[in-house]
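This report covers one protein chain.

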Amino acid sequence: MHIKKLPNVDAVRGGEIHSGELHLTDHHLVFVFPNAPTHDAPSQPSAPKTRELYIAYPIISNCIFRPCPSATGRPSSIRLRCRDFIFINFNFLDELRAREAFEHIRNRTCRLGTIEKLYAFSYQPLKLEKPFDGWRLYDPRAEFRRQGISNKSVDRGWRISLINKDYTFSPTYPGLLVVPSKISDNVIKYAGSYRSRQRIPVLTYLHSLNNCSITRSSQPMVGFRGNRSIQDEKLVSACFSASATVEFNGIDASAPETTEPSPATSQVDLGEDSLEAETSDTERFEDDLIAGNDSNYDSKTGKRLVYGAQQSNLIVDARPTINAVVMQAMGKGSENMEYYKFAKKAYLNIENIHVMRDSLNTVIEALKEGDISRLPPNRELLAKSAWLKHITGILDGSALIARQVGIRHSHVLIHCSDGWDRTSQLSALSQLMLDPYYRTIEGFIILVEKDWLAFGHMFAQRSGPLNCEKWFTCERDSLAGSTLQPGESDGRAGEALENAFASAKRFFKNRSSESNVESDGDGVSSPPEDPSPTKKPASGTSDASEATRPTEISPVFHQFLDATYQLLRQHPNRFEFNERFLRRLLYHLYAGQYGTFLWNSEKARKDARASENTRSVWDYFLSRKPEFVNRDYDATIDDRQSGRERLLFPKLSEVRWWYQLFGRTDAEMNEYLDLVSTMDERIGSYTVTGTTTPNSGGRSSRSSAHTQPASLTQSKSVLTGVESAHEALTQDRAAESQPASLKHSASADTPGAFATNFSKLRDGVASLDLGRGLFGAGSSNNSAAGGESSSISSGKNTATPRSSTGEQEMTDMSSLTRAGNGEKGDSTEVTS
């Protein structure tokens, strides 16, 4: 392996300068510097003389080269920002050496042309990794056998279908599909055309104690004509009735040897005490909204039923309601509940990949001075990013699904647009809450293999391992009169003006581009299912099927790991793995050292012979398992004992920044949240007792009888609307009996409803003040014309507008004294 060594290089990280030697290899940038002991730690004779900082080229997300002529006596610099949130600045006394280093890094990062030039294809495993074969760890038949489904066991209402064994039925789906026993492959074949990319409803999880299921799919192809599919309706109906005629009480659930006998959830009182935490206002609000009125009425006659006579089966559409309506105009959409009378549909307010990407970019803006400064991150930008709001929403939606399956003994079908982004998040997290097996190291690996890799999350498209030329910039010499030093700010007016223009350009582009309206990689911006370029790409450019598309990159899997961290932090003895396990997994998502995350689907991995040409990332973790074991882990499961139940749920009010991942201290990232939380509790106590709030001008908190503490407001709910078939029969009664804030939205797909939905869409966009004049009317006219114009989202009166959450956080923070810096973290941890 050829190594280019550049001596006399200064690295600035976390406000500290280290002098050393920069080594440029084919796959890594390695900075070697003396291992000087810190002033508060004594030197050790056995300590190595040097330390090494490894940075894999694919993990670089931004590189700025600032050349400075050697005659000026000032160093040239290369400033790197990495996807694992390492921020580092290299200073060179020799401009030519700096330019040479920049070109070397750029050529091996964004000019490879094909993923076959990544490190994964030449990586030789260490001796401790060779005994493992992570590619064979996940066996779908074995996993579904663990859940109680196989050809030789008792029929629990499900069977294994091989309709997709050669991936011709649905190229993005796994080769082995679990479908209802009473549905034939012929019905499945006809049902396929009704779901986007043939991603039909199939089983991903069967609860071992109550036989209730989690199925997943993509959106239906309803369109503005209100298309329907009898085969799809039969398939979903069969998924939701699989346990109705099956006797499963005699089936023993598999459990670890350390597990004590645990009763089924139907046999034990899972009240507030046994579920570890009281039912929050958000959960009660969601349960009431899902229960609604249609549990009291027969779907055919409209007559009142005995309470509890029906299961509360649920179709979960992860998208905001308005986005589903937009997709209907593009020929897709959401289920018409008149044809799915056996279930209700819940809309979640989880945003698309573009919103999530912008959110993380704002977080990065808040942290970007981390190389040259030890100051805390910009807390205003952290709040503006709404990152924690998104994580909270994903956890809330997953908990809703887990409650439906584990407590309410109901079936759930999950989908978003294509069913490989938000669907994977919700499906995997809800199973993590339901099944203790997935909270072990091996079980978590199986969960990632099943719900992310096998079900076709587009890892290559979302992470962009071949990087992008636009992420490498060389500043003009006229702007490079100085170099950054610790404590200095990069305040060049020209760059600030350029950023302002770029922001304005992005704003208008985002508002006018259809691709940002709603996409999980689908719609007008999505690549074809089977890219087949007609001409060979030019030298140094990527193949069309492998090229990084910046608009398709999004931190979807990162959010899943962040949400998992929240559960681990809140339930520290319920997980076998530790926080570092999650952090290293995120690193290897981008590093390109293993082949696990380099392709978009199971079919793509098999076509590329990934198991023959690369090693699995699980080899790394399994060979170093002691490093990732949680010392506080308690494997005992007992639903009779608080803190050891099979089920666990997130505490939404306790979601915090994953400070270790961002290379900061807990105080730097979370202290302001604790202050806001304390203030919220005070406000809540004033509200509950009816005491006048200090400095409120004598205004009484009794102005609203239903006001809740700020930390428990109903607006925190991710649930924005519920639809059911019986509303058309009992519309008047339902409207009379429900508060205005809990009205269910009318079905988005009733025949002839396209004009109405388009009108709602127009009013909804106008009310958001995002598209003034887009539909021929300004937002002010709409707001004046109809006070309830945005009935697209039935939860509008209870859900916080997207723009208001960050503003509210800013308002809360403005009333607080800025916290001190707290404990300063040493951000020079070496990545090996």
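## Basis

This is a predicted model, in which local features need pLDDT of at least 70 and side-chain atom pairs count only at pLDDT 80 or more, while totals for chains, interfaces and linings use all residues. Residues are numbered from 1 along each chain as its sequence is written, and side-chain values use heavy atoms, with hydrogens and water left out.

## Whole chain

The chain has 23 helices and 16 strands, taken as DSSP runs numbered from the N terminus (helices H or I, at least four residues; strands E, at least two). Of its 832 residues, 55% count as buried, meaning under 20% relative accessible area with a 1.4 Å probe, protein chains only (exposed is over 50%, partly exposed in between).

Contact means heavy atoms within 4.5 Å. Among contacts in the chain with a separation of 6 or more, 75% are between residues 24 or more positions apart.

## Nonpolar cores

A nonpolar core is a set of buried Ala, Val, Leu, Ile, Met, Phe, Trp, Tyr and Cys residues joined through side-chain atoms within 4.5 Å. The largest has 123 residues, of which F90, F444, F560 and W657 touch the most other members. Helix α9 supplies the largest share of this core, 10 residues.

Apart from neighbours within four places in sequence, F90 contacts V9, D10, A11, L22, L29, F31, S76, S77, I78 and L80. A second, separate core has 35 residues, including I163, A191, F240 and M337.

## Helix α9 with α10

α9 and α10 (residues 422-434) pack at about 55 degrees with their axes 8 Å apart; axes are lines fitted to C-alpha atoms over the stretch in contact, and angles run from 0 to 180 degrees between N-to-C directions. α9 is therefore oblique to α10 (under 35 degrees is roughly parallel, over 145 roughly antiparallel, 65 to 115 roughly perpendicular, the rest oblique).

On the α9 side the contact includes I394, L395 and V405, and on the α10 side it includes L426, L429 and M433. By class, this contact has 10 nonpolar, five polar and no charged residues (Ala, Val, Leu, Ile, Met, Phe, Trp, Tyr, Cys and Pro are nonpolar; Asp, Glu, Lys and Arg charged; the others, Gly among them, polar).

## Helix α5 with α9

α5 (residues 281-291) and α9 (residues 387-406) pack at about 60 degrees, with axes 11 Å apart. The two helices are therefore oblique to each other.

T282, E283, E286, D287 and I290 of α5 meet D396, L400, R403 and Q404 of α9. These residues divide into two nonpolar, two polar and five charged.
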